Amino acid sequence: MLPVAPAADTRRLVRVESGEFEIVIDTSGSGRRIAVRGDLDLATVESLRPALDDALDAREPTTLELSECTFLDSSALKAIADASRRAGEIGIVFTVARPSPQAARVLEVSGLHEILDIADEYP
């Protein structure tokens, strides 16, 4: 699990072969905003899952911000779909916000855009 500090922001930087990957978790508003920077793929998705699980376990509205996400693979799509399904099961809002053009295209081609709540701005 990602360490959660008492501060409003938690930052985690993971170096991967293709560059940098970062997840920023913002708990300063109502709900949680989880922002991803870099490639979200098999090498990095296991860093995202605990952040999503923590937000859903806390039963907080959750926004996954992908404006700086440069790539999504099938493992990332599965993690996002699983989080959306689980949020629906427990009755909380799960939104994907501001996907980058690359992320938006993958969400569209995969068909996930039809089942996800996708916002151009933060909800």
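A salt bridge here is a side-chain nitrogen of Lys or Arg within 4 Å of a carboxyl oxygen of Asp or Glu. Keep in mind that you're looking at a predicted model. Side chains of opposite charge can pair when their charged atoms come close. By that 4 Å rule, the count for this model comes to ten salt bridges.

Let's begin in helix H1, which covers residues 45-57. Here the side chains of Glu46 and Arg49 meet in a salt bridge, at 2.9 Å from N to O. What separates these two along the helix? They're three residues apart in H1, so about one helical turn lies between them. Glu46 counts as exposed, at 52% relative accessibility, while Arg49 is partly exposed at 22%.

Helix H2 (residues 74-90) has a pair of its own: Glu89 and Arg85 sit four residues apart in it, about one turn of the helix. Their side chains form a salt bridge with an N to O distance of 3.0 Å. Glu89 is exposed, with a relative accessible area of 57%, and Arg85 is partly exposed at 44%. Elsewhere, salt bridges with shared partners tie Glu20, Glu22 and Arg37 into one network.

Now for a salt bridge that reaches across the chain. Glu60 pairs with Arg32, and their closest N and O atoms are 2.5 Å apart. This one links distant parts of the chain: Glu60 is in the loop between H1 and strand S4 (62-72), Arg32 is in strand S3 (residues 32-40), and 28 residues separate them. Is Arg32 buried or exposed? At 15% relative accessibility, Arg32 counts as buried, because the cut-off for buried is under 20%. Glu60, with 23%, is partly exposed.

Opposite Arg32 is Thr62 in S4. The two strands, S3 and S4, pair in the parallel sense over eight bridges. To get from S3 to S4, the chain passes through H1, and this β-α-β crossover is right-handed.

Strand S5 spans residues 94-97 and pairs with S4 in the parallel sense, over four bridges. One spot to look for is Thr63, whose bridge partner in S5 is Thr95.

Methods: Residues numbered from 1 in each chain as written. Predicted model: local features only at pLDDT ≥ 70, side-chain atom pairs only at ≥ 80, totals over all residues. Heavy atoms only, no water. Buried < 20%, exposed > 50% of the residue type's maximum accessible area, 1.4 Å probe, protein only. Pairing = 2+ DSSP bridges. Right-handed = clockwise from strand over helix to strand, strands pointing away.
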